[in-house]
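User: Hello! I have just opened this structure and would like a friendly walk through it. Could you take my questions one by one?

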Amino acid sequence: MAESPISSTSIEELDTGIFRSDRRMNDGRTIRYYDRKETHRSAEDLRPAEEPAKIGELRLDPLLNEWIAFAAHRQHRAFLPPKELCPLCPTTNELLTEIPDSNFEVVVFDNKNPSLSPAAGAWGLPELHGPSTGTTSAAGKCEVICFSDQHEGSFGSLSLDRILLVMKALRDRTEEISSLPNIVQVFPFENRGEEVGVTIRHPHGQIYSYSYLTPRTEKMLNTARAYHAETGRVLLDDVVAREIKDGVRITAQNEHWVAYVPFAARYPFEIHVAPRKSVADLTELTIDQMNAFPEIAKTVLLQLDGVFNLEMPYMAAWHQAPVSVGRDVLRLHWQITCVRRAPGKLKYLAGSESAMGAFIMDLTPEQSAEQLKAVTVKL
């Protein structure tokens, strides 16, 4: 979709039956409104014009051959602003925010302080030469997705209709971003709770799109390829089949999705949600699969909050196949990890986990699953 002037709106009905309206912000960024019915969005960004953020830098850690992004301009981003100064609430007469309109359903806009930014001109990762490897600009894209114009809440507190609208927006963003130059991997996620580093309490998520394969995805890809070469089967399909056969770690399921605590969970409460008929990424989900997702998503998040009858801090991450590699062996799944192990007690990534990457758990996955299943959920 072509970028539109700040004074005009580009509106499109997507194939999922929702409407997307694009507007330009004061510094040239784009904001995209997603609505369930055709809505005229004409509010302008009335804040003083600002210079766009500078692009950061990628440096190689030669001991692991992993790229590290440096974005010093992010030091001054918003940090736990009070509700009356929230930059993700709708604009009012008293406060001009990132969302110019006075109301919205779901919006996605380019991050004001991105870790990764579109590169100008030709770009490529340097070849690996150990400590002599060159640096390059931190190419990629970072977006913010706001789930609601209400300041309180999170993904799990949304209505089923709103969760579905978020899913359709994420599908649209994955499809469009995947077609942009230098994008290798699209990663939508939500963090909830200061315990996991949330700096703005408004219900929202983010979409990080990388110009390189992230270390976890690269390892998952290599593992899945080796398994496929040995067995001819897709690894996650067999993982899900095992969980269905065992049954004891499944916390929720419906016709199209299965939620389970993985056999070797790394966190006190970790839930994976996968479609029964696997797909490579969000763009390949059928309408029936998308329609069935809100029920199971809300169920597992309410289960999580119900274990100790308090809001659980978590990270909810969409793992999907990269844009152009591994799509025959990597499969979409939603991973929720919670760092709370008991009221007032967190699971810290201490010496073994942080230094060695060797996780040690005090709670078995079966015990965790039993606690989650014991929660009575009312949708």
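The questions and answers below go through the sheet, a strand, a loop residue and a pair of helices.

Analyst: Welcome! This is a predicted model, in which local features need pLDDT of at least 70, side-chain atom pairs count only at pLDDT 80 or more, and totals for chains, interfaces and linings use all residues. Residues are numbered from 1 along each chain as its sequence is written, and side-chain values use heavy atoms, with hydrogens and water left out.

User: Which strands are the edge strands of the sheet?

Analyst: Helices (H or I, at least four residues) and strands (E, at least two) are DSSP runs, numbered from the N terminus. Two strands pair if DSSP finds at least two bridges between them. The open sheet has 12 strands in the order 1-2-3-6-8-10-9-14-15-13-12-11, with antiparallel pairing. Pairing on one side only marks the edge strands, strand 1 (10-13) and strand 11 (250-253).

User: Which residue of strand 8 is the bridge partner of V108?

Analyst: Strand 6 and strand 8 (residues 140-146) are antiparallel and share 4 bridges. In strand 8, the partner of V108 is I145.

User: How many residues of strand 6 are buried?

Analyst: Buried means under 20% relative accessible area, exposed over 50%, and partly exposed in between (1.4 Å probe, protein chains only). V106, V108 and D110 point one way from the strand, while V107 and F109 point the other way, and all are buried. For strand 6, the count of buried residues is 5 of 5.

User: Is F104 buried or exposed?

Analyst: F104 sits in the loop between strand 5 (66-70) and strand 6 (106-110). Contact means heavy atoms within 4.5 Å, and beyond its neighbours within four places in sequence F104 touches residues including Y33, R41, L88 and H202. With a relative accessible area of 3%, F104 is buried.

User: How are helix 1 and helix 4 oriented to each other, oblique or parallel?

Analyst: Axes are lines fitted to C-alpha atoms, for helices over the stretch in contact, and angles run from 0 to 180 degrees between N-to-C directions. Angles under 35 degrees count as roughly parallel, over 145 as roughly antiparallel, 65 to 115 as roughly perpendicular and the rest as oblique. The axes of helix 1 (residues 160-178) and helix 4 (residues 287-306) come within 9 Å and cross at roughly 120°. Helix 1 is therefore, relative to helix 4, oblique.

User: Which strand does the direction of helix 4 make about 10° with?

Analyst: Helix 4 packs on the sheet, and the strands it touches include strand 9, strand 11 and strand 14 (314-319). The direction of helix 4 makes about 10° with that of strand 15.
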